[in-house]
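Please consult the sequence and the model shown here while reading.

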Amino acid sequence: MDGGLAILARLVETKGDALLTRWRELLLEAGASGGGRIKDAELQKQCREFLQALGTALNAGVDARGVAGPEFASARALLDEVSRSRAAQGFSPRETATFVFSLKGPLFEQLRDQFADDAVTVSNVGWEMSQLIDQLGLYTMEVFQRSREEVVRRQQEEIAELSTPVVKLWNGILALPLIGTLDSARTQVVMENLLQAIVDQSAELAIIDITGVPTVDTLVAQHLLKTIAAARLMGADCIISGIRPQIAQTMVHLGVELDVVSKATLADALALAFQRTGRTVVRKAAKG
Amino acid sequence: MIATRDETLAIRHSDDVVRVRQAVRGEAIAAGLGLVDQTKIVTAASELARNTLDYGLGGTARIETFTDAPRRGVRLTFEDHGPGIADLDQALTDGFTSGSGLGLGLSGARRLSNEFTIHSVVGEGTRVMIARWK
């Protein structure tokens, strides 16, 4: 008797059309088109191509590596595409996994029809088939997960660029309001923006406001120190503002010393900047 | 003493450090720590999580929350299977670093916590436990 996978290969080959029809029905029933986000024609194309790839892989024989082996390269490439496009379109994990898992039903039905009087073969081949589909399903989920993480990472990069504007407060006085986490990639952007702005505006003072930074640890402190040192080399002095009481206490315990003038609020820092540049702010006498 | 909540997070990527910080902040609030204590334990967690990532080549952070009497607070355990620390005294000296940081993370984390224990075996890994009580 042939191995289970060989039987399966023949099944996929000979009953391809029936499998396809039934699979598509199940997919539509399960809502795997995501409420019309995937066109019926596209879904059908994905199903057909996947069945073909699966047939090819099964014919080539499965080795110990299972679906990770070279025979499954084209099937995997197809699943890559399927789960990536679904991740990008905002499908849920369940909707994505259903694509593969719902193939089990039709395969099992065909198997049962073909070996109606041979329960042992049905259960043996069924078991192998089930394991294979499970592996493919898990693979799909891994790719889906990775794609989602890529989306998140891209969004993080976008946020990092958006949230580091350098603001001109006055002639020669710049402010850099920092918000959120200062991981290294973002700090790089911050530094570049600030140094460029110092050149563009021939600024002599830059106020770095850290009111919006929730945690100041040694890495953040180190980034600040480097930024300040670089600004100094370009002839601009920095003032740090927005150090909240709890952050100040924590920094003292950490042993971090910011060798720079700091003020509690941005307003205080601006007042100091005015003073340093020889400006005074005077309130107009109230009328009457 | 039994922890009310006990979770373990993986540290494999720099994003995980942020995640650990956020989780610790949430648990510190749940344990009823004040703003200063919250900030201290979160900052210490940030230092140790980054050490786990940078020097321990990744590992785990275990966060235990104690919300019932007699003690309220959080206890954190950072564990890695990295190269380990040969000279603990040196590692705990302010300003010493084998990398490119300020050399204040480990010693600073000790000053920011109520309890601090470190156990390291060269070639096997490092485990640091800190706690902050109310």
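Of the 288 residues of chain A, 34% count as buried, a residue being buried if 20 or more other C-beta atoms lie within 10 Å of its own, exposed if 12 or fewer, and partly exposed in between, with C-beta atoms placed from the backbone. The model is predicted: local features need pLDDT of at least 70 and side-chain atom pairs count only at pLDDT 80 or more, while totals for chains, interfaces and linings use all residues. Residues are numbered from 1 along each chain as its sequence is written, and chains are lettered from A and ligands numbered from 1 in the order in which they are written.

**Chain A**

The secondary structure of chain A comprises 11 helices and five strands; helices (H or I, at least four residues) and strands (E, at least two) are DSSP runs, numbered from the N terminus. Among contacts in chain A with a separation of 6 or more, 75% join residues 24 or more positions apart, where a contact requires C-beta atoms, placed from the backbone, within 7 Å.

Five strands of chain A form an open sheet in the order 1-2-3-4-5, with mixed pairing; two strands pair if DSSP finds at least two bridges between them. Strand 1 (167–170) and strand 5 (261–263) of chain A are the edge strands, each pairing on one side only. On average, neighbouring strands of this sheet are turned by 30° against each other, direction ignored. Strands 2 and 3 of chain A run parallel and are joined by six bridges, and Ile173(A) stands opposite Leu205(A) in strand 3.

Helix 11 (residues 266–276) of chain A lies across strands 1, 2, 3, 4 and 5 of chain A, running at about 170° to strand 3. Such angles run from 0 to 180 degrees between N-to-C directions, with axes fitted to C-alpha atoms, for helices over the stretch in contact. In helix 9 of chain A the buried residues include Leu219(A), Val220(A), Leu224(A) and Ile228(A). This helix 9 is followed by Gly235(A), whose phi is positive, near 90°.

**Two helices in figures**

The expected span of a helix is 1.5 Å times one less than its number of residues.

| Helix | Length | Span, first to last C-alpha | Expected span |
|---|---|---|---|
| Helix 2 of chain B (35–54) | 20 residues | 28 Å | 28 Å |
| Helix 9 of chain A (218–233) | 16 residues | 22 Å | 22 Å |

**Chain B and its contact with chain A**

Helix 2 of chain B is mostly covered, with 17 of its 20 residues buried. Between the chains, 21 residues of chain B are in contact with 16 residues of chain A. Helix 2 of chain B gives the most to the side of chain B that touches chain A, with nine residues. By class, that side has seven nonpolar, eight polar and six charged residues; Ala, Val, Leu, Ile, Met, Phe, Trp, Tyr, Cys and Pro count as nonpolar, Asp, Glu, Lys and Arg as charged, and the others, Gly among them, as polar.

Strands 4 and 5 of chain B pair in the antiparallel sense over seven bridges. Their hairpin has three residues between the strands, and Gly123(B) takes a positive phi near 85° there.

**Nonpolar cores**

A nonpolar core is a set of buried Ala, Val, Leu, Ile, Met, Phe, Trp, Tyr and Cys residues joined through C-beta atoms within 7 Å. The largest has 62 residues, and among those touching the most other members are Ala206(A), Ile207(A), Val24(B) and Ala45(B). Helix 2 of chain B gives the most to this core, with seven residues. Not counting residues up to four places away in sequence, Ala45(B) touches Val20(B), Arg21(B), Val24(B) and Leu76(B). A second, separate core of 35 residues includes Leu27(A) and Phe144(A).

Notes:
Contact = placed C-beta atoms within 7 Å.
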